[in-house]
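I opened this notebook to keep track of what I looked up, going from one chain to its neighbours and then to single residues. Each entry says what I checked and what I found.

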Amino acid sequence: MQLAFFYFFSGLSILSALFVIFFRNTLSAAIALVVTLFGVACLFGLLEAHFLAAMQVLVYAGAVMVLFLFVIMLMNLGREELLKIKLAFLGIIGVITGVCLAILLVTRFMGLSAPLLSLDLGVEYGTVKSVGKLLFGEYLIPFELTSILLLVAIIGAITLARKPQS
Amino acid sequence: MEKIVSYLVGHCEKLQHLPEDFIYLALQVVAGLLVLMLFVAPFAGIISFVERRIAARVMDRVGPNRVGPQGIFQWLADGVKSLLKEDIIPAQADSVLFRLAPYLVFVGMFAAFVVVPFSSGLIVADLNIGIFYLIAVTSIVVVGIMMSGWASNNKYSLLGGMRSAAQIVSYEIPAGLSILAVVILSGSLSIQSIIKAQGAYPWQWFLFQNPLMPIAFISLFIASLAEGNRTPFDIPEAESELVSGYSTEYSGMRFVFFYFEEWANLYLIAAVSTALFLGGWNLPSAVVSWAQTKGDVLLHLLQFLTFFIKAMVMVFIIIQLRWTLPRVRVDQLMALCWKYLTPIGFVVSLGWQLGWLYFLRECLWSVM
Amino acid sequence: MKQDLIYFLPELIVSITVLFLFLLDCFIGKRSRRIFPVIAFIGIAAMMLANKSSSPLPSARFFSDMMVFDHVSVLFKYIFGLAGLIAIVIANGSHELEKVDKANYFTLLTALVLGMMLLANAHHFLMIYLSLEMVSLLSYILTGSLQGSRRSSEASLKYVIYGGVASGIMAYGISILYGLTGSMTLTGVAEFLRMNAVSKTALYTSVLMIMAGFGFKVASVPFHMWCPDVYEGAPTPFTAFLSVGPKAAGFAVLLRFFFGALSQTTTSGIEPIKIIGLPALLGGLSIATMTLGNLAALQQKSMKRLLAYSSIAHAGYMLLALVALNAEAVTGVIFYLSVYLLMNLGAFLVLIIVGDQLGSEDISVFQGLSKRGPFAALLSIVMTVFMFSLTGIPPMAGFIGKFYLFGSVIKSGHYTLAVIGMLNSVVSLYYYIRVVKIMYFDEPVDGRNLTTPMVSHASTVFALALLTIYLGLFWNGLANIVGQAKLF
């Protein structure tokens, strides 16, 4: 049952990820990306990480992608602008590399024994409490670093976007 | 839930071959559909009628009063009519996205009802991240609205869609902060535990828990009005400028989906405020013990009524507001969110935390 | 966690400086913008003092294995601090940055120093990724800080796109490595690899992918494409910093990765984890990097592009040391980085002084520089020192740096690589000496004389030149300090 859902949602995310690449229309691609992120959120849910799943939906599908859509709509990128870029050669190389990588991953990780993956999940696993304890305990420094990183990125973006001083 | 499953498995041979979690899942889907069909859809329909009648009263008109006594079947007639109408898709529209958008809006709104409680036992799923899930899932609506605005290939639709998205994304912050204040008080994200942390009487409600909570309540109320595109924040569909905003090009059933979303959202706003601030379905303990002697059904019925009445009061306030206040401008809307509600939200949630720390220190002092 | 703060003190000082500067920007008017470089300078100087006081502490891992403290990290913090201080001096008063908002420029520069420090101490892949992103993000922003300049914006955009792809590939590589070993810390990975056999192909792929991120930071082939364009488009004071700071940070994390995760310390020394072809891979990369850098530098007309390709070539030399993967290699890289910091910043500073006054950044601007008045004659001597040092000609510090690098390679038995490295140095002689040649043997195109620039610029450039010569003659002091450096 779990497995069936896993295959469904991972298939969904992979398929829509492919659509992200192959859609000519930027907006359709962005929507496909929303589906991908949603699929990933469902995978988190299947792994009992409900908080993470909700976070994924809220932050990515809800906020980040809306900003993506905003930018696409504001710039009004149509099909024409994109068709000019033709990367047939690079595309073929990319496909070959991707397929090789996929084969590699599938063959190497298929035989990987389960002990790594089947951890003993406590009752608390995936709850806000345990995630919070992790974030403000073991992962405190990365967490704070992220906040500085985001602050700096915001200020930098404003610096770049501001009109030059006359 | 376990009782139902064991009952079903015990009485039906074929079910025994199925894995148990599949039965759970199927039951949840069925329960969800039941909630939709038995509650949300009629509610949205009836509230559309109620709103039109109230609007008529405010404007000194009569309103719909022909179908059935006092016109209370008007919504059924409207529903049937829109089902029969032609589904027009503009030739220049992006047809796939155009078709998809209303469903997305609808799904986002409906999925939120999964965690909305009706009584201490009547809830589709009491997730431990309940209120957070609700915030997350309703944000899918934004994507749908933007899609509809874009796919219509109409400048009014596009403008409406973008306004709506900007509004919803911005107001999620003050709403989240106000909710945070409640979550800090109750120590849980599950809506049922938040309700359980309150009591039946007004002084036990979170609304009057401390002096900051009424502020949190009001800012949550304003923010949810804005998130639901309700007046005075209905600029995405400001008919004087944008015809009908993102739903301009829609007709028939797809159009109804958008309105369905709006009215369902009305209940959602009211239910969230009720659950978080107004004590939810809590009854005085005397009533609870009396009702338990008469059976669980009565208890749940009473709890449902308590919850529903509180929610309905909120709904009526929102409807009254719609016909009382003028529409704000875009810049006013953004200024209200970023310059007033967000700082207030921070003061409310952080201020309470600081107060709590102070309290904790006092406790430590007394222990030592 | 409280005790851990002692190790974190330098970073803490810089973080506080950054946040203070951000807040100050909100309250201070346009008139008193001069205070920003001063505060940034003081903050970084205070960091170096704190760093000095923390240097006797024993090595440790702190913040639940997220970061590591050892002598290498102390040394790298010195390098970053020095680079930051000089970059502040250079940027303050540069003509090119006149129109740039000083407050933001210096704040972001300080934040960049913070990012580099965190990168050099990172022990957890999450920290590595985040601090790498911090360094990259700030580099993009500062590259594009010349508003209204098409070249600057274009450079920034190119940098963003390359950087995004590189860090994406790196994150993928890290995820594969995590999948293979189940550990996110460097020592955890090493531990697992020592105890268990894993698929070599998968490990090799993941290392390659992680190299994409690190290689992008140090500008090694094949992730060097951004380098010339970005160096050319960015404001020159920032290019100067970019060529030493983030590159040093990239090498710091490369050292940590290859020594921490992919090798183990045994009684006989450091041994690479047995992955087939790791030295071959790195050797190939480094040869390709230095050869490409040197050959491309031969044909450059713009001085900034020339220095860009030269910095690619120098990255190639330093990658050689990773092939050696012995204790001497760590010493070699750190010594080389400190020397490279002096000479490369010096060369850029000369370019800034000359370019600001003569209004061009082409090599031709150096034509007959020695004949443009007394200050120019002095400046030509200084430039000659830097050019000789970059080539690696004996009395200069660059020679000693190369000596240590190639020494570690020879000690590990890779004679071919050492020979190729030396041959490359010979090739580089051509384009460095050409600059010297046109300064002395060509005639200036016009009669303009070079006036004395600001005191801070002039004194810094002379100090750098003197240090370059000094370290070329008396390298023992620095070599001893660096020689004690041990990775934890």
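**Chain B, order of elements.** Reading from the N terminus, I found that the elements of chain B run α-α-α-α-α-α-α-α-α-α-α-α-α, and the tally for chain B is 13 helices and zero strands. Helices here are DSSP runs of H or I with at least four residues, strands are runs of E with at least two, and both are numbered from the N terminus. I noted that this is a predicted model, in which local features need pLDDT of at least 70 and side-chain atom pairs count only at pLDDT 80 or more, while totals for chains, interfaces and linings use all residues. Residues are numbered from 1 along each chain as its sequence is written, and chains are lettered from A and ligands numbered from 1 in the order in which they are written.

**Chain B, two domains.** Chain B is divided into domain 1 (1-84) and domain 2 (95-367), with bounds that come from an automatic or database domain assignment. The contact between them takes 16 residues from domain 1 of chain B and 18 residues from domain 2 of chain B. On the domain 1 side, α2 (20-58) and α3 (74-84) of chain B are the elements that give two or more residues, and α2(B) has the largest share, 14 residues. By class, that side has eleven nonpolar, four polar and one charged residues; Ala, Val, Leu, Ile, Met, Phe, Trp, Tyr, Cys and Pro count as nonpolar, Asp, Glu, Lys and Arg as charged, and the others, Gly among them, as polar.

**Which chains touch?** I asked which of the two pairs of chains in contact shares the most contacts, and the pair is chains A and C. Chain B and chain C do not touch, and their nearest C-alpha atoms are 16 Å apart.

**Chain A with chain B.** Here 20 residues of chain A are in contact with 24 residues of chain B. On the chain A side, α2 (26-46) and α3 (50-75) of chain A each supply at least two residues, and α3(A) gives the most, with 13 residues. This side has 16 nonpolar, four polar and no charged residues.

**Chain C with chain A.** I counted 31 residues of chain C in contact with 20 residues of chain A. On the chain C side, α1 (4-27), α4 (102-121), α5 (125-143) and α8 (200-218) of chain C each supply at least two residues, and the largest share, nine residues, comes from α5(C). The classes on this side are 15 nonpolar, 13 polar and three charged.

**A helix pair in chain C.** The axes of α14 (residues 374-391) and α17 (residues 455-473) of chain C come within 10 Å and cross at roughly 45 degrees; axes are lines fitted to C-alpha atoms, for helices over the stretch in contact, and angles run from 0 to 180 degrees between N-to-C directions. That makes α14(C) oblique to α17(C), since angles under 35 degrees count as roughly parallel, over 145 as roughly antiparallel, 65 to 115 as roughly perpendicular and the rest as oblique. From α14(C) the contact uses V382(C), V385(C), F386(C) and S389(C), and from α17(C) it uses V461(C), F462(C), A465(C), T468(C) and I469(C).

**Backbone of chain C.** Most residues other than glycine have a negative phi, and most peptide bonds are trans. In the loop between β1 (60-62) and β2 (67-69) of chain C I found F63(C), whose phi is positive, near 50 degrees. F63(C) is buried, with 22 other C-beta atoms within 10 Å. D65(C) is in the loop between β1 and β2 of chain C and has a positive phi near 65 degrees, but it counts as partly exposed, with 16 C-beta neighbours inside 10 Å. A cis peptide bond, with omega about 0 degrees, joins V221(C) and P222(C).

Note on methods
Contact = placed C-beta atoms within 7 Å. Buried ≥ 20, exposed ≤ 12 C-beta atoms within 10 Å, placed from the backbone.
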